[in-house]
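Please study the structure shown below before reading each solution.

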Amino acid sequence: MKILEERIKQDGVVLPGNVLKVNQFLNHQIDPDLMLDIGKEFVNLFGKEKITKILTIESSGIAPAMMTGLLLHVPVLFGRKKKSSTMPGDVYCAHVYSYTKKIENTVTVESKFLNKNDRVLIIDDFLANGEAVSGMLEICQQAHAQVVGVGIAIEKSFQGGAKRIKDQGVHLESLAKIASFDNGQVQFVEESK
Ligand code: 5GP
């Protein structure tokens, strides 16, 4: 997705540990127009799948997930990293090791919001080693919900996540694919049209 790549080139900062900081438009300040374009792209890619629900993890997955849900007119469900006191005992949960925070989170979803009739599109901001997406796949499995695909805004293709997800037969689409951060510069896998 050309405009996402251009925005990454313009505002992205490569940090130590192969972390890309995109606080200008996604991870802190959010550009709603760009998020809407991302949502439209996910609708182009997955719109025919009769999706009933979008699933993401708080917090940075929520913005692109929300736009996609708005365009498809389906609810957006996000896994919570801290169990809320208003949450009942009946939950699905998965342990997710955070790439950026280096801690393990227990991601929780109330079971009443996901069931065997759901056709789920999983969305996240980044794909690195695939921990977050694997956690969401696990939650869908617990709910016996069908995952129709995984949509990622920024995939770091030089890390293992994409292979890990595709090897499970999951339809994965990433809008910007990063090949490397050599010399602190973002290099994309291929130029988008
Ligand atoms: P994974 O679970 O695939 O290893 O990592 C994906 C998750 O970690 C995403 O939900 C995202 O929040 C975070 N993450 C991984 N790599 C990066 C990165 O380079 N930059 C930012 N901002 N977040 C990242």
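**Exercise 1.** Determine how the residues of the shell around the ligand divide into nonpolar, polar and charged.

*Solution.* The shell holds seven nonpolar, five polar and four charged residues. Here Ala, Val, Leu, Ile, Met, Phe, Trp, Tyr, Cys and Pro count as nonpolar, Asp, Glu, Lys and Arg as charged, and the others, Gly among them, as polar. The model is a predicted one, in which local features need pLDDT of at least 70 and side-chain atom pairs pLDDT 80 or more, while totals for chains, interfaces and linings use all residues. Residues are numbered from 1 along each chain as its sequence is written, and side-chain values use heavy atoms, with hydrogens and water left out.

**Exercise 2.** State how many residues surround the ligand, and which elements supply them.

*Solution.* Step one: 16 residues surround the ligand, the closest being L20, N27, D124, G130 and A132; a residue is near if one of its heavy atoms lies within 4 Å. Step two: β2 (19-21), β7 (119-127) and α4 (131-143) each supply at least two residues of this shell. Helices (H or I, at least four residues) and strands (E, at least two) are DSSP runs, numbered from the N terminus. Step three: β7 gives the most, with four residues.

**Exercise 3.** Give the order of the six strands in the open sheet, and explain why one side of β4 and of β10 is left without a neighbour.

*Solution.* First, the order is β4-β3-β7-β8-β9-β10, with mixed pairing; two strands pair if DSSP finds at least two bridges between them. Second, β4 (76-79) and β10 (187-188) stand at the edges with a single partner strand each, so one side of each has no neighbour in the sheet. Third, β3 (residues 53-57) pairs with β7 in the parallel sense over three bridges. L55 has I122 in β7 as its bridge partner.

**Exercise 4.** Locate the cis peptide bond.

*Solution.* The cis bond joins E58 and S59, with omega about 0°. S59 belongs to the loop between β3 and α3 (62-72). Most peptide bonds are trans.
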